[in-house]
Amino acid sequence: MSEYESVTKTPLKLKKDSGIKKKKKNKEKKILEKLAKVEKTTGAENTQEKKPAVVPLTKAERAFLLMKEKKQMERILEKASKTHKQRVEEFNHHLDSLTEHYDIPKVSWTK
């Protein structure tokens, strides 16, 4: 008798091979299919009736968009004006100027 006679020579049965399968719920897929069907039926009728309405921007909205674009351009120009080395040096200088909050403060229990 050898030591390996008692060993089973069948392949391992993993969980995925055991025949137990979890059922996946496709609620979202079903809802999307229903919406697509509804849109197809109403879409043909509404395509001729509905046209996208163009709403003009107000003065405040126009001013906001202009300022947003202007600030974005300023940021881009500021970032493009410095090299990576300059930015790293500036960041290191900033870190050097910070206090080290993780240092243990000196506390004297006896005065």
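1. Start with Lys27. Lys27 counts as exposed, because its relative accessibility is 58% and the cut-off for exposed is over 50%. Lys27 sits in helix α1, which covers residues 27-49. Keep in mind that this is a predicted model.

2. Now look at a nonpolar patch. Ile31, Leu32 and Leu35 make a nonpolar surface patch of about 300 Å². Leu32 lies in helix α1. Is Leu32 buried or exposed? Leu32 counts as exposed, because its relative accessibility is 56%.

3. Next, the overall fold. The protein chain has three helices and zero strands. Read from the N terminus, the order of elements is α-α-α. Helix α2 spans residues 59-81.

4. How much of the chain is buried? The protein chain has 111 residues, and buried residues make up 0% of them. A residue counts as buried under 20% relative accessible area. The accessible surface of the chain comes to about 12900 Å². Carbon and sulfur atoms account for 59% of that surface.

5. Turn to the charge pairing. Side chains of opposite charge can pair when their charged atoms come close. The count here is one salt bridge. Glu90 pairs with Lys82. Their closest N and O atoms are 2.6 Å apart, and the cut-off is within 4 Å.

6. Check how open the two partners are. Glu90 is partly exposed, because its relative accessible area is 46%. Lys82 is also partly exposed, with a relative accessible area of 25%.

7. Finally, confidence. The protein chain averages a pLDDT of 78. Of its residues, 76% score at least 70. Which helix has the lowest confidence, and which the highest? Confidence is lowest in α1, at a mean of 69. Confidence is highest in helix α2, at 94. Where pLDDT is low, the predicted coordinates should not be read in detail. Recall that Lys27 and Leu32 both lie in helix α1.

How values were computed
Residues numbered from 1 in each chain as written. Predicted model: local features only at pLDDT ≥ 70, side-chain atom pairs only at ≥ 80, totals over all residues. Heavy atoms only, no water. Helix = DSSP H or I, 4+ residues; strand = E, 2+ residues; numbered from the N terminus. Buried < 20%, exposed > 50% of the residue type's maximum accessible area, 1.4 Å probe, protein only. Areas by Shrake-Rupley, 256 points an atom, 1.4 Å probe, with all protein chains shown as cover. Patch = residues over 30% accessible without salt bridge, like charges linked within 9 Å, V, L, I, M, F, W, Y side chains within 5 Å. Salt bridge = Lys/Arg side-chain N within 4 Å of Asp/Glu carboxyl O. pLDDT = per-residue confidence, 0-100.
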